[in-house]
There are 2 protein chains.
Amino acid sequence: MAEEIEARIERSKRESIFKINPNKPLRANLLITDYFTNIDQVTQSAFTGSNTNMSKLKQFMMSPHVLNPSILLALSILGLTTATLGFIMDFAIQQLQHFRFYLSNTGNYVYDMGIWISFSLVTCTIACALGLWTPSVAEGSGIAEIKAVLSGIKINKFFNFSTFLTKFAAVTLAIGGGLSLGKEGPFVHISGIVAHKISQFTIFKHIHRNLTLRNQFLAASVAAGIASMFGSPIGAVLFSIEVTATYYIVSNMWRAAFCCIWCTVGYQLLQSARVNDGINNTHFKSIEVTEELFFFFLLAVGAGLMGAIFIKVSRKLIELRYTRAYPMLHGRFRYLILITIICSAATFITPYLEQTDRSVINDMFQTHDATDDGWSKTNFGMNLLIYMIVKFCITILCVSVQLPAGLIYPLLTCGAVYGRLVGYLVEQTVGTEHAGIYAAVGAAAMVCSTTHSVSIAIIVFELTGEIHYLVPMILGVFVAAGVSSAITPSFYDSILDVKKLPYLPSLKSTELYSYVAKDISDVEFPCLQVNSSLRALTNAVLEGISTMNKIPVIGDGRILKYDINIENARIYISTHYASCISQFSPEARAQLDRFFHFFRGIRPESFIEGTYDSFLHEEEEVEEVTEFMNNPINISQRSLAVDDSPFSITESTPLAKIHFLFIMLGLTQVYVTKKGELVGIITRDIFVKKLHN
Amino acid sequence: MAEEIEARIERSKRESIFKINPNKPLRANLLITDYFTNIDQVTQSAFTGSNTNMSKLKQFMMSPHVLNPSILLALSILGLTTATLGFIMDFAIQQLQHFRFYLSNTGNYVYDMGIWISFSLVTCTIACALGLWTPSVAEGSGIAEIKAVLSGIKINKFFNFSTFLTKFAAVTLAIGGGLSLGKEGPFVHISGIVAHKISQFTIFKHIHRNLTLRNQFLAASVAAGIASMFGSPIGAVLFSIEVTATYYIVSNMWRAAFCCIWCTVGYQLLQSARVNDGINNTHFKSIEVTEELFFFFLLAVGAGLMGAIFIKVSRKLIELRYTRAYPMLHGRFRYLILITIICSAATFITPYLEQTDRSVINDMFQTHDATDDGWSKTNFGMNLLIYMIVKFCITILCVSVQLPAGLIYPLLTCGAVYGRLVGYLVEQTVGTEHAGIYAAVGAAAMVCSTTHSVSIAIIVFELTGEIHYLVPMILGVFVAAGVSSAITPSFYDSILDVKKLPYLPSLKSTELYSYVAKDISDVEFPCLQVNSSLRALTNAVLEGISTMNKIPVIGDGRILKYDINIENARIYISTHYASCISQFSPEARAQLDRFFHFFRGIRPESFIEGTYDSFLHEEEEVEEVTEFMNNPINISQRSLAVDDSPFSITESTPLAKIHFLFIMLGLTQVYVTKKGELVGIITRDIFVKKLHN
């Protein structure tokens, strides 16, 4: 028992943070932000601690180098795993789609339609039913939630294995069954779960234990998720930055890129089996800067407006479902069945709409007239227009159902058709050779106007294998993003808002910013004296564990002196008990065992506040135990890892500054002092709550 | 006089920071970091201040929006100006090169060689002589210095117009005269100067006055400088991030990208005049993930090693020049003439080396056998090998001379030849169809291994107009960067080191990190009481102006209460004087006028510390003046803009934490307190100095 705990402390000391060998000069191009992204983690001991008791190999593996081998290994595994999972999902979806085609090919129009719709109903109902057994976090795209997690919010069960299974199966069934949904968003969540599980392997435990590394690893997994869907590493890295970050530590960009390379290599190797469809490289004619750019400008304005409409309408639908305003329509299954029927009927009736998104995109991106692909049977322009309108509408509907649902691929398709339509009109009136480029720009502009991430342009470059139509493309995405963001926040931000996730960075109202620290700080919180007893420490831990991360320690006259990490305090108390246990009488030992069994089992996220005294309240305390608990704690003991420079602000600090500090320093809590005396505390949770109300 | 000062205060209040209209709800997707990137600037008044006395148009122009029109306008002007300047420089260099060819085409080998070398000597000597009349900051690439400036260092005369002229002329003459140098680095500096000048226009003054905006504008100019050289906006933005930033506020990425679009549009419009050569779009065959990747891996390892050698040797040469170890060799002109003769003789003798970098790159990137370009006259492989070795050596020599000198283009050329050589060897032994792709990867890998910026891959994608050879390319740059950075810091970091520029972020030695705030803080500094007199304020301003940014104000028992920006204090004092001036007797007025003439003319960067009393020491103070100067200051007056929550840390804060705070919060100074009492101050300058010694 005692050894186990001792070993745990040793481990946590060694692994909680990189150790830097003090005998070795540092290389000039290492930055402090390569080690830390969070002020709470910045400790002197990382620089001055000795690590001579580690093996050479272990030292090398743990060295705080951008090229740290254990992190690179973890990233490679993550990349390859994600690529494989993406391939499997892709394959399953395609098989389902083919099977549906095969079944509904009897030749009788009414029969076929019936089978087409029934197939959809069955698969989508199963997908929806899967959600009944698993946490509700498996719903929706997941990108909004990842954004919240990266900003420091804990979401219950978000990284569970059951969430993974549900999400994987439900997405496959829903898209395979014919709903107009994308798999990118959900897949980002899936790869996030994979990253979480990989970081819990024994050899990568130090990644999991270090908040900075854990978050960087998670951010890399977002990029890997996108990369394994498109095979586009550069675009994926930029997309992950745009969608998830407020500020970005540059060195992490290369970690994400490294992960994405493995992902792309895996993707291309698997793709070479030619089982799954892909998007073909294009051969557009070179385009120069001419007055034709004006049409691209118009195209982008249109895409921006459509994107804004998409966000507004789908947000409204999701909001209605959340608020249960119309229970008739928004029951779990009723709504889904309604939408599935509308969607599959529409795809059956509308020409070309039963085709997969990828084949439509391939058709649109073609440089020749596309007359031989059947798109021109009646009227090419009219076909494009109908396809675009129907696709746009059913995508809005499908995004609002209670299923894991992405939106990038359907919108990419819709945008490609829209762009091609504009290209066709230009071709017919003014004349152009670049109809394919219009389609590519339209696709990117449409996605950009809903997600507000300009990096989709690079993803499209990577998909088409060409980059020479840079100017119209960038013009397109920027104008589309500008138009749309002048009207509404992005789709992901809207979802964060609807779901009331406590995402930190957004500014809600100016009124709030007239507050200062004094107005929002909590004045009741557990707090220790320098010479507190073990009992006081235990009580403080039990009181604070569910809301706080660290306990402040005050000296004479409430001067703030130190703070103690609650987890370290728990380990300290347990060790102290374990080292003394042999001296106790059986009676005392039994009582302490009972308490420590409870104490060690506490899980911060589900614990409801209590104290040691309330735990004891049924039984009388044995005298020996009283004596033990009244021992003063030794504040200088190494295992307590007391921080002697807790981060504090004055009472008059304005809210804007506190907000800035929380974002830039990754704080979990900040102390409010008045003339050096501790008068309050602002935890991240309190702050976010105040910001939202 | 008084009106002018009042107007100045009004203006500074209005323009120093964005104002947010309190009557308008904020949009949810605005982040606090869109307004501020520096804790000192975070003020409550930005959120609560009223701005009803501004015109509607002005309000719109000043609104703190990512799409803020005045900033977008400034960025567009910057982009277009940079593109035009880049074009002019390109044109001038090409004309010089053609002229040199024309002159040295007499048919007589010895005559030709003489003319070839003399031409070089004349232009390069003029280029070098230009440096005699202008600041030494015009030397070198300028990227290292920009990096330092962005991290908060002030470099004297760095943004002068004369620096601009020298740099522009010297680069044109040196490259036109045949030295193996690049114009990218110097051009980044040139576009930085352009940005500085644009931000000083009356309508953009608010950009110049706001540190956050000013730095973001400067960062955008780095991207624009690269974009106007290559016509590659995406790669340019990423390059600017990599080379200059530690962490990056994501919203600024789009500002830089916006600027680069204008730059690229301008570049392409000017390029369509077909006056200057460009790099042609390529038509590589698609490459799949096969065992051929192994050869790319080998290629990258080789490029990494060559890059490391390049950095080590050129650093040594520059260091020797700086330390003047061998005066014989390192006189300004002697060394230049020596190098010029070596370089131009080598280019004349070695086959193909007299060609321009661009035409060589075009040859290397070709997919066919290149037999018809004259490269195969004797032995293709041998020609490539000789070219590569000679180019590599003369580039090292040229980079070390005392001229504005970039290194990207020569290294790109050298790398392309190296890559083609590897491709040729693979072609001859194993067989491959992708010799052109080897050249492209080699080019990127070589640049990447010296600059450690992976984004050169994207620049090469944009140059070739294709992106489908993504996997070998990214493998190449990552391996090259890995190999090289395992051996040495990047070229730019080496230069920062040699020049001893006080660049903040690098970690030098672990020993330092055993220090705490107490050990490095300054205990003697100007400091005010709450009820200080005007005399005390004036003295504090004069004492602190050259080293500090703000003056602390203490209350009873040295409790830190406020701080005052020195510039605001200066304005406050001047206004106070101007508002009282009419009451004074002529004698007093004359004395005060004398003092205020001196006081208002002080330039912080060149002022040597003094006090009001020492200024007066020759003359006796008039009684009225004494009375005036002994007036207490009004701390709550709006024009003083007192900050009531100065940022302070405790005495025991470890150096690592302080380092982290300086980087993440953009601090210029931090107060050290003990039980709330002010005991010391750490300014950025002190901190950087301690970090370097």
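Among the contacts in chain A between residues at least 6 apart in sequence, 77% join residues at least 24 apart. The model in which these contacts are found is a predicted one. Chain A contains 31 helices and seven strands. Of its 693 residues, 63% count as buried, a class that requires under 20% relative accessible area.

The helices of chain A may be considered next. Two packed helices are described by the angle between their axes and the distance between the axes. For helix α21 (residues 456-464) and helix α22 (residues 470-487) of chain A, the angle is about 145° and the axes lie 10 Å apart. The crossing of α21(A) past α22(A) is right-handed. On the side of α21(A), the contact is made by A:I456, A:A457, A:V460 and A:F461, while α22(A) contributes A:L470, A:M473 and A:V477. By class, this contact has seven nonpolar residues, with no polar and no charged ones.

Helix α25 (residues 534-544) of chain A is mostly covered, with nine of its eleven residues buried. The buried residues of α25(A) include A:L534, A:L537, A:V541 and A:L542, and also A:R535, A:T538 and A:N539.

Attention now turns to the strands of chain A. Strand β6 (residues 669-674) of chain A is joined to β7(A) by six bridges, and the two strands run antiparallel. Within this pair, A:Y671 stands opposite A:I681 of β7(A). The hairpin formed by β6(A) and β7(A) has two residues between the strands, and A:K675 takes a positive phi near 50° there. Strand β7 (residues 677-683) of chain A is largely enclosed by the rest of the structure, because five of its seven residues are buried.

In chain B, the strands β5, β6 and β7 form an open sheet in the order β5-β6-β7, with mixed pairing. Strands β5 (648-650) and β7 (677-683) of chain B stand at the edges; each has a single partner strand, so one side of each is left without a neighbour in the sheet. From one strand to the next, the twist averages 35°. Three bridges join β5(B) to strand β6 (residues 669-674) of chain B, and these two strands run parallel. Here B:I649 stands opposite B:V672 in β6(B). Helix α30 (residues 655-665) of chain B lies across β5, β6 and β7 of chain B and runs at about 65° to β7(B).

Conventions: Residues are numbered from 1 along each chain as its sequence is written. Chains are lettered from A and ligands numbered from 1 in the order in which they are written. This is a predicted model: local features need pLDDT of at least 70, side-chain atom pairs count only at pLDDT 80 or more; totals for chains, interfaces and linings use all residues. Side-chain values use heavy atoms; hydrogens and water are left out. Axes are lines fitted to C-alpha atoms, for helices over the stretch in contact, and angles run from 0 to 180 degrees between N-to-C directions. Helices (H or I, at least four residues) and strands (E, at least two) are DSSP runs, numbered from the N terminus. A crossing is left-handed if the near helix is turned anticlockwise from the far one by less than a right angle, and right-handed if clockwise. Contact means heavy atoms within 4.5 Å. Ala, Val, Leu, Ile, Met, Phe, Trp, Tyr, Cys and Pro count as nonpolar, Asp, Glu, Lys and Arg as charged, and the others, Gly among them, as polar. Buried means under 20% relative accessible area, exposed over 50%, partly exposed in between (1.4 Å probe, protein chains only). Two strands pair if DSSP finds at least two bridges between them.
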